[in-house]
Amino acid sequence: MKENKLKKLVRNCYPTYTFDKVENIPLELLKELNIKLVLLDMDNTLIDNKGKYSKELKRWIKNVKAKGIKCYIMSNSISEKMVKKISKELGMQYYYKARKPRQKGYYYMLEKTQVEKENILMIGDQLFTDIYGGNRFGIKTILVKPINKKEIIVSKIKRPFERVILNHYYKKKGVLKNAK
Ligand SMILES: [Mg+2]
């Protein structure tokens with residue numbers, strides 16, 4: 001791989017912001033960024049490995065929606081059941097089998113919601129799917145920490161690589177200024 005290609009790939013893994021968890025993202029930030037559509041990863045971003053989410057998260061989504069911002073779950077899950085259940089409980093619409101970081105799902109959301117790219121935010125816990133996919137598509141991205149440490153094997157393998165890229169990112173940005 002050519003060096004500039006690699007650089008571009010790494011840069012596309014840098015989130016616009018980082019937070020510990022979804023409910024820590026201030027509504028003022030969404031307003032400041034002029035966000036009209038929030039795409040949320042489900043596993044380890046909204047729910048833990050038992051399918052549980054916090055009361056604070058539910059309230060956060062309610063408050064975001066009250067501001068007139070659309071919220072969608074955008075999940076790579078191949079099973080519709082859980083995505084449907086969680087989106088219903090949290091009062092969101094959903095898109096499953098999204099195959100992030102592929103671009104098709106992002107285009108689908110664009111078409112479906114008619115929201116401009118500059119007004120879309122992707123929130124997720126994985127650099128190589130949620131963040132990389134969103135950045136490549138040209139939308140804003142927020143990385144949150146995974147709710148569960150216990151993850152499926154695939155994610156576990158990817159984590160050390162995520163670390164390497166994140167260390168670069170933090171070094172470049174200075175300390176985690178925007179993390180709460
Ligand atoms: Mg996830």
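**Exercise 1. The sheet**

In which sense do strand β5 and strand β6 pair, and over how many bridges?

*Solution.* Start with the ground rules. This is a predicted model: local features need pLDDT of at least 70, side-chain atom pairs count only at pLDDT 80 or more, and totals for chains, interfaces and linings use all residues. Residues are numbered from 1 along each chain as its sequence is written.

Step 1. Helices (H or I, at least four residues) and strands (E, at least two) are DSSP runs, numbered from the N terminus. Two strands pair if DSSP finds at least two bridges between them.

Step 2. Take β5 (residues 120-124) and β6 (residues 140-144). They pair in the parallel sense over four bridges. Gly-124 has Leu-143 in β6 as its bridge partner.

Step 3. The open sheet has six strands in the order β1-β6-β5-β2-β3-β4, with parallel pairing. β1 (17-19) and β4 (93-95) are the edge strands; each has a single partner strand, so one side of each lacks a neighbour in the sheet. From one strand to the next, the twist averages 25°.

**Exercise 2. Strand β2**

Find the strands that β2 is joined to, and the burial of its residues.

*Solution.* Step 1. Four bridges join β2 to β3, and the two run parallel. Val-38 has Cys-71 in β3 as its bridge partner.

Step 1. Four bridges also join β2 to β5, again running parallel. Here Leu-37 has Ile-120 in β5 as its bridge partner.

Step 2. Check the side chains. Leu-37 and Leu-39 point one way, Val-38 and Leu-40 the other way, and all are buried. A residue is buried if 20 or more other C-beta atoms lie within 10 Å of its own, exposed if 12 or fewer, and partly exposed in between; C-beta atoms are placed from the backbone.

**Exercise 3. Helix α5**

Which residues of α5 are buried, and what do they pack against?

*Solution.* Step 1. Locate the helix. α5 (residues 104-113) lies across β2 (37-40), β3 (70-74) and β4, at about 150° to β3. Axes are lines fitted to C-alpha atoms, for helices over the stretch in contact, and angles run from 0 to 180 degrees between N-to-C directions.

Step 1. List the buried residues: Gly-105, Tyr-106 and Met-109. Seen down the axis of α5, they fall within an arc of 100°, so they line one face of the helix. The arc is that of the directions from the helix axis to the C-beta atoms.

Step 2. Turn to the other side. There, Lys-104, Tyr-107 and Glu-111 are exposed.

Step 3. Name the partners. The buried residues pack against β2, β3, β4 and α6 (127-137). Contact means that two C-beta atoms, placed from the backbone, lie within 7 Å.
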